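Take the chain one region at a time. The text below begins at the surface and then turns to a helix and a strand.

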Amino acid sequence: MDAQENLARQFSALPKEWQIWLEENLERGCRPTDLVNILLREGLIDLDQNFAAQVPLEPQHDHQQEQTALEKQVQLSITFNQQQQKWLAQAVLNGTDQAYIYQTLQQQGLSEIDITLELAQLKQHPYFQIAQEQHFLVRKRNWLLNTLDYFARLNPQYQHISRITLPSFEQFIQQYYSRNLPVILTDSVAHWPALQKWSPQYFKKIVGNQEVEVQFNREQDPMFERNSIQHKTKMLMSEFVELIEQTPHSNNFYMTANNAKASQTSLATLFQDIDHFHGYTDHTQVYDRSFIWFGPKGAFTPLHHDLTNNILVQIYGRKKVTLIPALQVPNLYNDVAVFSKIADPYQIDIAKSFPDFALSSKIECILEPGDALFIPLGWWHCVESLDISMSVSFTHFNIDNGGAESFPTTNYC
């Protein structure tokens, strides 16, 4: 068998992905010598001396060849910066057209042969192979979620929030809780003293001399909700009430569920105004599992989802709540924990920055005093106070409300 036949045999024995790689790069106009040298470096072919004499290749696959390959790898690690390596890996995972990959990286000053070498090394790296497997699983899950969402939209209840008089707890579990569907329950807290008593002046009178924790300086930080710990501030309730009453519209300060633990003792008297919820909850846990929200007109909670099922009861003023089904998470740019890159789904030109968001469906509702909105686990929502607002949320249902305990945590170094 002569050298040419030996080369043809070795090329035909290459793994399929390398055969495709070779054909694509020959069509692209890469020099055959350069491509053969790449295959040599990767240990995929072994040329005899007769062919080496005819083609000006680099030294044979001996110690010098290995040293040359090592030097080339060091050169590549310098040529490709970390951002370019991450971009290349993401592009390959996303199935980006290879011509576009080459064009983009060449515009950044990288040579065609260096891009080819980096691609070859990337695809063989065990870390990237694991990333490919996980990327496929994510795509498969997104396909399943999108398909289930498509069929769920056939149900009118899925794209509209019903307002109903309070059903029995068993009916509520069967029709809404177990089906992960939101609903507004009317006339459910008419017996709560809070509905008749609560107002800013009532808070000032009853707990005005108590120190409470609130979120402050939120408007200076676009990521205020993610950075809520940094915005915790303590002040007297009387000072907070005066601030709210003197401010026509603001998102700069707000008492939220994140402040509940610190303010629990100070607000204990107010919990006496929160009565039972018709057997839906274990009322002995009202003090530990209920949360007071109090803020000015304009207070805004950005798009997120919760890790438990919740009921939000509006006591004073009105709130606008926008919900998006949990199944639509593939379109919501979820980047960290329970948050979306999209803080406000009504922001101008949202489609330019987040084109997939157009595939989601927003469901809006206005909560009036006495309304109780069931927000199922995983449903995305943002909330805006249309007036000075007081609300109570709770999670202590008389049925399993797990989810938070098994929520995955990130382990990025």
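Patches are made of residues with over 30% relative accessible area and no salt bridge, where like charges are joined within 9 Å and nonpolar side chains (Val, Leu, Ile, Met, Phe, Trp, Tyr) within 5 Å. A salt bridge here is a side-chain nitrogen of Lys or Arg within 4 Å of a carboxyl oxygen of Asp or Glu, and accessible areas come from the Shrake-Rupley method with a 1.4 Å probe, only the protein chains shown counting as cover for residues. The model is predicted: local features need pLDDT of at least 70, side-chain atom pairs count only at pLDDT 80 or more, and totals for chains, interfaces and linings use all residues. Residues are numbered from 1 along each chain as its sequence is written, and side-chain values use heavy atoms, without hydrogens and water.

Trp143, Leu144 and Leu148 make a nonpolar surface patch of about 320 Å². Leu144 lies in helix 9 (residues 126-152); helices are DSSP runs of H or I with at least four residues, strands runs of E with at least two, numbered from the N terminus. With a relative accessible area of 43%, Leu144 is partly exposed, that is, between buried (under 20%) and exposed (over 50%).

In helix 10 (residues 169-177), the buried residues are Phe169, Phe172, Ile173, Tyr176 and Tyr177. They sit on the same side of helix 10 because they cover an arc of only 110 degrees around the axis, taken from the directions from the axis to the C-beta atoms. These buried residues pack against strand 1 (163-165), strand 2 (183-186) and strand 13 (372-375), contact meaning heavy atoms within 4.5 Å.

Strand 14 (residues 380-385) has 5 of its 6 residues buried, so it is largely enclosed by the rest of the structure. Strand 14 pairs antiparallel with strand 7 (residues 300-304) over 3 bridges; pairing requires at least two DSSP bridges. His304 has His381 of strand 14 as its bridge partner. Strand 9 (residues 319-324) also runs antiparallel to strand 14, joined by 6 bridges, and Lys320 stands opposite Glu384 in strand 14.

Methods. Buried < 20%, exposed > 50% of the residue type's maximum accessible area, 1.4 Å probe, protein only.
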